[in-house]
Each structure stands twice: as structure tokens, then as C-alpha cells.
Amino acid sequence: MTEIKLKQVRKSYGEVEVLHGIDLTVESGEFCVFVGPSGCGKSTLLRIIAGLDDVTSGAIEIDGEAVNNVSASARGLAMVFQSYALYPHMSVYKNMAFGLENSKMPKAEIDRRVRDAAEMLQITDYLDRRPKALSGGQRQRVAIGRAIVREPKAFLLDEPLSNLDAELRVTMRKELAALHASIGDTMIYVTHDQTEAMTLADKIVVLQDGRIEQTGAPLDLYNNPQNAFVAGFIGSPRMNLIEVTANKATEGWTLSAANLSVPVPEIAGLTDGMRCTLGIRPEHLRVSTDDTGHMTCKVAFTEQLGGETYLYCDVEGLPQITVHQPGQLPVVKGQQLALNFDLSEMHLFDADGQVIVNRVAG
Amino acid sequence: MTERLGLAVVGLGMAAKPHALALKDLEDLIDVRGCYARSAEARAAFCNTYGLPEARDVNALAHDPSVDAVLVITPPNARQDLIALFAGQKKHILTEKPLERTMQAAEGLVDLCAASDVFLGVVFQHRFRAASQILAKMLHDGDLGAIRVVRAEVPWWRDQSYYDEPGRGSYARDGGGVLISQAIHTLDLMLSMTGPVANVQALCATTPFHRMEAEDFAAGAMEFENGAVGAIFASTASFPGDAESLSFDCDKGSALLKSGVLTVNWRDGRVEVFGDEAATGGGADPMAFPYDWHKSLIADFAVSVRAGRPPGCTGAEALHVHRLIAAIEASSREGKKQQVVKG
């Protein structure tokens, strides 16, 4: 079991700094997911932990020992690459055994480890094949198997499912979760896909422009985003974010925008006329049973999935609003609707995008 | 004295000449254990010309315990399996540019070498020219101030006979045309000084001067991550061909790097000139350039590998230029500004 700690890690390419002082602890046995858009620095950070890239400044510690000057091979970590990085001229068995053979491990022990990993990953039938004869999902299993047989201190996985089709990604996601539950080792997983992050992680690290925006358990990030970026990035479909103005009312405040007026109770930190961003998730909007609501809109199109319904609504002067309701709604394109906001699930962010409050009421 | 690096050489075509001359000069650092090409005649001719040992079996060469590293000079479509073969035997890799024909394949090779725990170096010899290194230091130390405008120009010429060789200028063998085969050196050198490009808007074309599959012309505008803007012009359709150049307009002066000479026009009126003029292969003879840059690069690779540290130009760094070229091609194809993929 292995703890990995980053202290003020910075990385520059020439004049351009791409990581701006990352502080992070990945606890022993934790499944930690680095998530963020392209270019946020998540893969660079993983490669730095692996020892494949140097830091410009800062420290990396594995189980309390600084490893900045320890080579990748001596760190005892196993990396799984998006490209699989398999040897095309070797069989699956050989690909998995090869690293162990170089370490002079007894053949019987190598054989045991390879066959155990192959069974766990359901690739025993393919051990004699070469990678070219395998599907993408099978190749990724081999790459994971090659990491497992090393019995590393921790697993580092760089977008391991990105080259797979959507259906296989879902299957492999479940298998990775089961694998982590089974072996219990520390895993750091990089993805741009927030659904992978939400479904796999014990802890999510959201990165943007080389900085950590927020760290926490999946539902903590979902329920208590500390800024508008995390609010918009975590969750699918994404949170509705609407620019509003706060106006002092007789009791509490009124949040206003074109075709929108939401009375809210007292909120610390608001000033009269302040510009803010209101955040409301699609499932926290209610279709009004009469014509009154916080907002009126026109249904642009609907997705009726049987068990649930998505409405995409146009409001003049505002970005398109997404509504998610359970069950089947008798709503058609072009219909006028009134929507109410669930204040107990409504978020408010200041002009810099930092959270003012995550539950406006209740 | 440190033990010499045991080196295998694979691929003995036109591009091998400067490497061979460099290796002869580096005998105190490097012990060439065998040179391999599929053609027995080409192998014999090369080894006789340069007095280097011949290897008849590439597998045996990869498994030879006296071989520490391999220099891969094959065409781009004959790299992947060779690199996997040698990396699989824990041999460090030094490969000619480009890393591979596509960005994804190039990333795959970088990953493969990382997974094999071997160093991957790329032959971007222009980084090792004296004037390039002086300019790199000036920019790094801030002597010139912030970079505001960048120009990268590769106005080269190739006869049709150059492209008549089977596969030349094709996507299947070379991975493209002027960008990936010729301009890649200048673009890599530019990126090593500026850092990454954020966005590019470009046009690629094949002019009537050439019968070839890929582009012999590319032009584009770039926005750099550091806030600078710039332009590239790359062509093998610009008779009679001129030396490639890089220019940087900075807060304290402007620098022009051309033909191995660095000229700095300082804002205070001073003009400084560094380096000696040298040909770069921009004219009709693509091999009309000296071999001392190759020598410096190979020496750096040997010394770095022996010291257990990455070489001066790694595969991971080379991905920046592959990502830029992929973005230029995509921008031209789609007719719109393209974000450069970040690692």
C-alpha cells in the first residue's frame, strides 16, 4: 500500500509554465482520478509521478521518500498507456512476462503471475496470440495485465479507455472498478471524461490550466462545487449556469436576468447590484403545473428516453436551459413552459467564479 | 575512460551518410557493433565506404549484449517494429525524424520506449548548431525580453526526381510532405525556443511543380501559449531554394537565425552577429550540409545514455512538433482555426 505526495510541483516548457505549484496527497489504496479538459496538465502530472518527466521545482514523495532523483524504473510504479505500448513481435504471454524475465525472477513464479493476471482479466485464451490479432479492449487488458504482474507499489493509468468504443468503455470501467476492489492498490487514473471520474474515483482531482480547481469525493464535487468551472465540468448533462444580478428585496434578494426572476432568502456576501452566476442542475428544475414560475421558456427539442426525459429549452437573452425529469413528460417541441428552481439545490458563484453558497435555501 | 557505447545502426540509405561520418569521428565515445540494411548490396557498399562493421541479421543485432543502443535511420514507415524489437531488448533508441508518420503513432513509440525503460532520442540536429544554442540561451535568459512575433520560413526546392523515388511525399511511407519531411527541423527548433503553439490556422497544398500525394506547400498563422503570434511558410516548390530561417521579434531586439548565422538587431542600435554560414540542404542537393551537427547530437546521446539521463532531444519533446504538424494539416483540411493537442 502506497501513499504518493506532491509538494508545490511546477513544470515549465521553455518560458511557459504548465503546472503551477501542485500540492496533493494520494492516500494509500485510493483510486484517485485526475480529470480536466485537454491541456489542463493531468497527463504531465502523471508522467512526473511516473518519473518520465522531470519537475521544474517541487517534490514528489512515495511513502514519505523523495523520488525526484529516482529513475522511473526504480520508483516501483507501473504505468498503463493509452496507446497500450505493447511489443508487436511478442505474444501476449511474452508481453506480460517480459519485464519479469529481465528482473531474473524464477520462471515458475513468472508463469504463476502471468496466468493469474490473465485469468483475472479473462485473456487466458489469447496468451499465444500477438497484439495485432487482438481487439482494442483485449490489448488494453494485456497492458493492464503487464502492470499487474509486476505487483507495483501503485498503478498509473493514462487515459486507458480513450481508444475504445463507448460500449466497451462502459464494460472496461466496471472491470477496472472491480480490479481495484480486488487488489486494493493505489491507483492514479487520468481522463478527460467526467463520467469515468465520477464512476471510478474515491477521490477526484479537477485540473484546469495547470492548477487544481478542487479535490474531493465524487458526490462532494457534484454537490458542493467550489467554483463555476467545477460546477460546469462535473455532471452530465452539465449544470445550467446563468449570469444574474442580485437586487436587494424587502426580504432577502431577487436574482434577475432576462426572463428570469428568483426570490431568495438572505445570503451572506451579496451586495446590491452584484453580478453573479446562478447554477442549477437539470434535475433540480421543476416544470410548473400552472403558468407561473421563476422562468418561462420554449421547448427547442426533447429527448424522451422512456424512464426519463430531457428538455432543451430556449429563453430569450439566456443560454439554452437543460431540464432533466424522471419518467415521461407530455411535452412537445415549441411548447411554452414555466420552470421553478429548487432553491435547496441552487448554487451561486461570484464574478470570479468562486462559490458564494451551494444551497441557497434549506 | 568511460566505457564506449555499443551502437547498432539500422537503415543505410541516403540519410545515413552524415551519421556515418559523425560515427567515424566519435570512435572514442561509440563502438559501432554492426550496421544493417535489408539489401545485402547496400549493406556492403555502406560498410566498405565508411569502414564500419556489417550485420547480416537484425534480430541477432538486437539480442547482442554488446549493443547498448540503436541508431534507426530507416524511412518513417519502417521504424515501429524495429524500435519495438530493440526497445524490447532494453536497447536505447536514437531515431531519425520524424518519430512516426502520424501523431498517434509517434505517441505510441514514446509510450513503448517509456514502458521499456529505455531512452528515446530524436535526430533534430539543428538544435545542436552553435548559433541555435546561442539564441536559445539568449531567449532563455531573457536577454531579448519577451517574444512577440515569430517567423519560420523554409523556402526550399526539390526536383521532381526527388519525389519520383517510390513512396517519397506519400502518407503511407513518409507521413506527409514538406511539413513532416523538411520543415519539421525548423518547426522543432522554433518550439524548443518558444514553447508550445496553442492554435494555428493554415493552408496546405500541392503545387503543379510536383507530382506527389502530400503537400509541397504549407503556410499558417500561429498563436503561441506564451502569447506571441507568428507565421510559418514551408515549401519544396521555391526554386532555386534558400536557407530556412527563424526570426524572433522581442521586446529588446530582433533575432534572425539563417544558414547557421545568428544576427541580433538590438533596440539600442547595436547589431551582433554569431556563427559561421553553412548550407542546410535547401537546394536541389538534399544532402548538401555538413555533419558536425549530427556529430554533436550523437555525442550528446552517447554521453547522456552512459550517464543514465535523457538525451538533449527526447521523443516526448518531439511530440510537440508532431502535434503542431497535425494541427496545421487539420486546419487546412477543415478550413478553420485548429487547437494544437496538448500532452
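**A residue at the chain contact, and the folds around it**

V16(A) is partly exposed, because 16 other C-beta atoms lie within 10 Å, a count between the 12 or fewer of an exposed residue and the 20 or more of a buried one. The model examined here is predicted. V16(A) belongs to strand β2 (residues 16-26) of chain A. Once neighbours within four places in sequence are set aside, the contacts of V16(A) are with G195(B), P196(B), E225(B) and N226(B). Within chain A, V16(A) and G210(A) are separated by 194 residues in sequence, while their C-alpha atoms are 11 Å apart in space.

The contact between the chains can be described next. Chain A contributes 23 residues and chain B contributes 23 residues. On the side of chain A that touches chain B, α1 (42-50) and α2 (92-102) of chain A each provide at least two residues.

An open, antiparallel sheet of four strands runs in the order β2-β1-β4-β5 in chain A. Its edges are formed by β2 and β5 (65-66) of chain A, each of which pairs on one side only. Strand β4 (residues 57-62) of chain A is joined to β5(A) by two bridges in the antiparallel sense, and E61(A) has A66(A) in β5(A) as its bridge partner.

Turning to chain B as a whole, 10 helices and 14 strands are found. The radius of gyration of chain B is 20 Å, close to the 20 Å given by the globule rule for 343 residues, so chain B is as compact as a globular protein of that length. The C-alpha trace of chain B spans about 55 × 45 × 40 Å along its principal axes. Of the 343 residues in chain B, 54% are buried. Among contacts in chain B with a separation of 6 or more, 69% join residues 24 or more positions apart.

Chain B contains an open sheet of nine strands with mixed pairing, ordered β13-β12-β11-β10-β6-β9-β8-β7-β14. Strands β13 (271-274) and β14 (338-339) of chain B are the edges, each pairing on one side only. Helix α10 (residues 315-334) of chain B packs on this sheet and touches β7 (197-205), β8 (217-224) and β14 of chain B, with a direction at about 55 degrees to that of β7(B).

Helix α9 (residues 292-307) of chain B has 16 residues and extends 22 Å from first to last C-alpha, close to the 22 Å expected at 1.5 Å a residue. Its buried residues are W293(B), H294(B), K295(B), L297(B), I298(B), F301(B), A302(B) and V305(B). These buried residues of α9(B) pack against β1 (5-10), α1 (16-25), β2 (30-36), β3 (69-72), β4 (92-96) and β5 (120-123) of chain B. After α9(B) comes G308(B), with a positive phi near 75 degrees. In α1(B), the buried residues are A16(B), P18(B), H19(B), A20(B), A22(B) and L23(B), and their cover includes β2, α2 (40-50), β3 and α9 of chain B.

Note on methods. Residues numbered from 1 in each chain as written. Chains lettered and ligands numbered in written order. Predicted model: local features only at pLDDT ≥ 70, side-chain atom pairs only at ≥ 80, totals over all residues. Contact = placed C-beta atoms within 7 Å. Expected span 1.5 Å × (residues − 1). Rg over C-alpha atoms; globule rule 2.2 N^0.38 Å. Pairing = 2+ DSSP bridges. Axes fitted to C-alpha atoms, helices over the stretch in contact; angles between N-to-C directions.
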